[in-house]
Amino acid sequence: MSSPQDPYRPPTTPPGHAGPGAFGEPVPRAARNGLGVAALVLGILSLVSWFLFVGGIFGVVAVVLGLVGRGRAKRGEATNGGMALAGVITGMVGVLLTILVIAGVVSLLGGGKLTNLTECLQQAGSDQAAIDRCAAEFEEVVRGG
């Protein structure tokens with residue numbers, strides 16, 4: 001007579017049966033989803049911090065990690081290809097926004113518009129009417145008028 005098995009004990013491999021990996025059977029592996037997750041997180045950070053100029057750095061890293069993560073998903077090593085793609089897209093948008101901000105700042109500083117405002121404000125001193133005229137002139141120059 002055999003003793004009853006414990007119902008809470010996990011089943012064991014029957015005698016004479018080899019487990020996964022023996023005789024060429026594929027061994028299931030855990031999905032490697034870390035790059036896709038990191039790409040999405042950095043992509044979101046790039047969207048949030050584009051005005052601080054570091055958004056571009058976050059965006060570039062997000063694009064690289066997202067592309068590698070997409071490659072893993074296509075090879076079946078990861079299961080979050082969509083998340084990796086979202087990281088690539090948000091990273092690219094963050095990079096583009098950062099480039100636009102940098103171009104705007106360079107345009108503003110490089111065109112001499114800011115130095116004209118500074119000189120005007122220095123000449124105005126503490127005269128509020130003169131300061132208001134400087135601000136109005138600067139706004140008109142920035143708008144392209």
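User: Contact means heavy atoms within 4.5 Å. Among contacts in the protein chain between residues at least 6 apart in sequence, what percentage join residues at least 24 apart?

Analyst: The model is predicted, and its protein chain has five helices and zero strands, in the order α-α-α-α-α. Of the contacts between residues at least 6 apart in sequence, the share joining residues at least 24 apart is 63%.

User: Is Ser 46 buried or exposed?

Analyst: Ser 46 belongs to helix α1, residues 34-48. Its relative accessible area is 0%. Buried means under 20%, so Ser 46 counts as buried.

User: Which residue's backbone oxygen does the side chain of Ser 46 reach?

Analyst: Leaving aside neighbours within four places in sequence, Ser 46 is in contact with Gly 55, Phe 58, Gly 59, Thr 90, Gly 91 and Gly 94. The side chain of Ser 46 also reaches a backbone oxygen at 2.6 Å, and that oxygen belongs to Gly 43.

User: Which elements give two or more residues to the nonpolar patch on the surface?

Analyst: The patch is formed by Ile 44, Leu 47, Val 48, Leu 85, Ile 89 and Val 93, with about 470 Å² of accessible area together. The elements that give two or more residues to this patch are α1 and α3 (81-110).

User: What is the exposure class of Val 93?

Analyst: Val 93, one of the patch residues, is found in helix α3. Its relative accessible area is 35%. Buried means under 20% and exposed over 50%, with partly exposed in between, so Val 93 is partly exposed.

User: What percentage of the accessible surface of the protein chain belongs to carbon and sulfur atoms?

Analyst: Buried residues make up 23% of the 145 residues in the protein chain. The accessible surface of the chain comes to about 10200 Å², and the part belonging to carbon and sulfur atoms is 66%.

Key
Residues numbered from 1 in each chain as written. Predicted model: local features only at pLDDT ≥ 70, side-chain atom pairs only at ≥ 80, totals over all residues. Heavy atoms only, no water. Helix = DSSP H or I, 4+ residues; strand = E, 2+ residues; numbered from the N terminus. Buried < 20%, exposed > 50% of the residue type's maximum accessible area, 1.4 Å probe, protein only. Polar contact = N/O pair within 3.5 Å; in protein donor to acceptor, adjacent residues only side chain to side chain. Areas by Shrake-Rupley, 256 points an atom, 1.4 Å probe, with all protein chains shown as cover. Patch = residues over 30% accessible without salt bridge, like charges linked within 9 Å, V, L, I, M, F, W, Y side chains within 5 Å. Salt bridge = Lys/Arg side-chain N within 4 Å of Asp/Glu carboxyl O.
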